[in-house]
Amino acid sequence: MKAPIWRALMAIGMKFHHFAAPKPPRPSFKIIIPSRISPAGGSFKLVFYVPEAYLDEPESGYNFPMVVNFHGGGFTLGTGTDDARWASSVVNHADAVFVSVEYRLAPEYPFSVGVEDGTDALIYLASHAEELRIDPHRIALSGFSAGGNFAFTVPLMLHDLKQNNGKRSLSKSPSNSPLLRPQSSTKPNRTRKYANSSTLSLPQNPYPGRRGSANSSSSVLKLSDLEPTALEIKHEVPDVTICCIVSFYPPTDFRRPREEKRATNPQPEKNLPPFLTNLFDKSYLHPKACVDMSDPYLSPACASDAFLRAAYPEDIVLYTCEYDMLNVEGVEFGERLAGAGVGKRLHGGLIKGVPHAFDKKPNPLSFPKAADRCYAEACAELKRVFGGRTSVDERRQLEESYPVERFEAEEPGDTVIGEHDRRAAQREDGIEGRSGSF
């Protein structure tokens, strides 16, 4: 079955997923931006969800923290609105602007176009931070599954761009970009002079103090293009700080064959079916003979400790799922990030008893409480990183639904990954020692 058919089926599933109460919000506005890094050229969309204060107090002078998100779908399926529930949690619990990157999909755009689009999005947003009322030094990245991979690979590409090591570079939009066409604007010549301007549409809030739902309607106000910055004029990488990464059940090592990964799941019947993962791999890793599986832009686990230490922020939130073929590589990567070689603060952990994408079930009747708590727990970490205050209970609420083995013992009572196995081995040996942490 071809990718377009699966995209249509996934769209139906997401409609069911979004139908359950409480319904997620509609996007606040969208921006189409040009591709600069990818040789493919073209453009792609950014989907914004913003706090009420963003629309109600436009002249306050306050710049919001921002979460840049990458949806899942095996690099082949999905859209920028798939994670609307996660967006709602971020907007309401972390008081941050949420931007979902509608990166271009394989097989039409195989590796490494998606990573390049993600990096382009981050650079664009940081360059236009003042106009978009975002703080370029309070930015977090998040993603699910394939998007969780981007949350780990985009910082690596950004770091290389900052270092100007020649692996990727910024360039002007190609002449066939739709952004070169005349736009409805108060300054019609700007889009011709600066081919990499964007189009922006912002919905007015007809009901101040109330949030719209996924099926609500709102009027749309067309605005003029954003002003060109040093990115458009001089092709300079802006000053930007990633202060946190939040990654849900990501693939981190493509050197391992699928068969080997499947065998690591204690309940293999809960793995994604081979015909679907084969579609993902054939679409994204194409042509396979030309793809280096050890490229850190594909497999972040292949990056050196020094590379990870320099490119990643101090705080990383990583969740893996027990009944998932990606769990073992995710846990290994998390333990490495928390270890002495990289030295990051790892939050989240291994969620026991759940499969891959446990939060994306197409159930129109209810949204899983465990997923809601997982999102709220991750948002508590984001709020803390962004400068707010959070409680231990807020950062540990997922355990009300499922046991969670943590990467590090941050709070009293935390169970650390591997602790149960170590205790069992100690009991077999007649030794009941004290457990440590990774």
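Helix α4 (residues 113-127) and helix α6 (residues 146-163) cross at roughly 65°, and their axes come within 9 Å of each other. This is a predicted model, in which local features need pLDDT of at least 70 and side-chain atom pairs count only at pLDDT 80 or more, while totals for chains, interfaces and linings use all residues. Residues are numbered from 1 along each chain as its sequence is written, and side-chain values use heavy atoms, with hydrogens and water left out.

- Axes here are lines fitted to C-alpha atoms, for helices over the stretch in contact, and angles run from 0 to 180 degrees between N-to-C directions.
- From α4, Gly114, Val115, Glu116, Gly118, Thr119, Leu122 and Ile123 are in contact with Phe150, Thr153, Val154, Met157, Leu158 and Leu161 of α6 (contact means heavy atoms within 4.5 Å).
- By class, the residues of this α4 and α6 contact are 8 nonpolar, 4 polar and 1 charged (Ala, Val, Leu, Ile, Met, Phe, Trp, Tyr, Cys and Pro count as nonpolar, Asp, Glu, Lys and Arg as charged, and the others, Gly among them, as polar).

**Where α3 meets α13**

- Helix α3 (residues 84-93) packs with helix α13 (residues 369-385) at an angle of about 40°, and their axes are 9 Å apart.
- α3 and α13 are therefore oblique to each other, and their crossing is right-handed.
- On the α3 side, Arg85, Trp86, Ser89, Val90 and His93 meet Tyr375, Ala376, Ala378, Cys379, Leu382 and Lys383 in α13.
- The contact of α3 with α13 has 7 nonpolar, 2 polar and 2 charged residues.

- You will find His17 in helix α1 (residues 3-19).
- His17 counts as buried because its relative accessibility is 3% (buried means under 20% relative accessible area, exposed over 50%, partly exposed in between, with a 1.4 Å probe and protein chains only).
- A polar atom of the His17 side chain lies 3.2 Å from the backbone oxygen of Lys361.
- Leaving aside neighbours within four places in sequence, His17 is in contact with Asp82, Arg85, Asp359, Lys360, Lys361, Pro362 and Phe367.

**The buried side of α10**

- Leu276, Thr277, Leu279, Phe280, Asp281, Ser283 and Tyr284 are buried in helix α10 (residues 274-284).
- These buried residues of α10 pack against α1, α4, α6 and α9 (258-262).

**Two residues with more accessible surface to look up**

- Pro39 sits in the loop between β1 (29-34) and β2 (43-49), and at 79% relative accessibility Pro39 counts as exposed.
- Pro39 is 129 residues from Arg168 in sequence, with 9.8 Å between their C-alpha atoms.
- Leu55 belongs to helix α2 (residues 52-56) and is partly exposed, at a relative accessible area of 26%.

**The chain as a whole**

- The chain has 15 helices and 12 strands (DSSP runs numbered from the N terminus: H or I of at least four residues for helices, E of at least two for strands).
- Of the 438 residues in the chain, 56% are buried.
- Among contacts between residues at least 6 apart in sequence, 76% join residues at least 24 apart.

Definitions and conventions: Polar contact = N/O pair within 3.5 Å; in protein donor to acceptor, adjacent residues only side chain to side chain. Parallel < 35°, antiparallel > 145°, perpendicular 65-115°, else oblique. Left-handed = near helix turned anticlockwise from the far one by under 90°.
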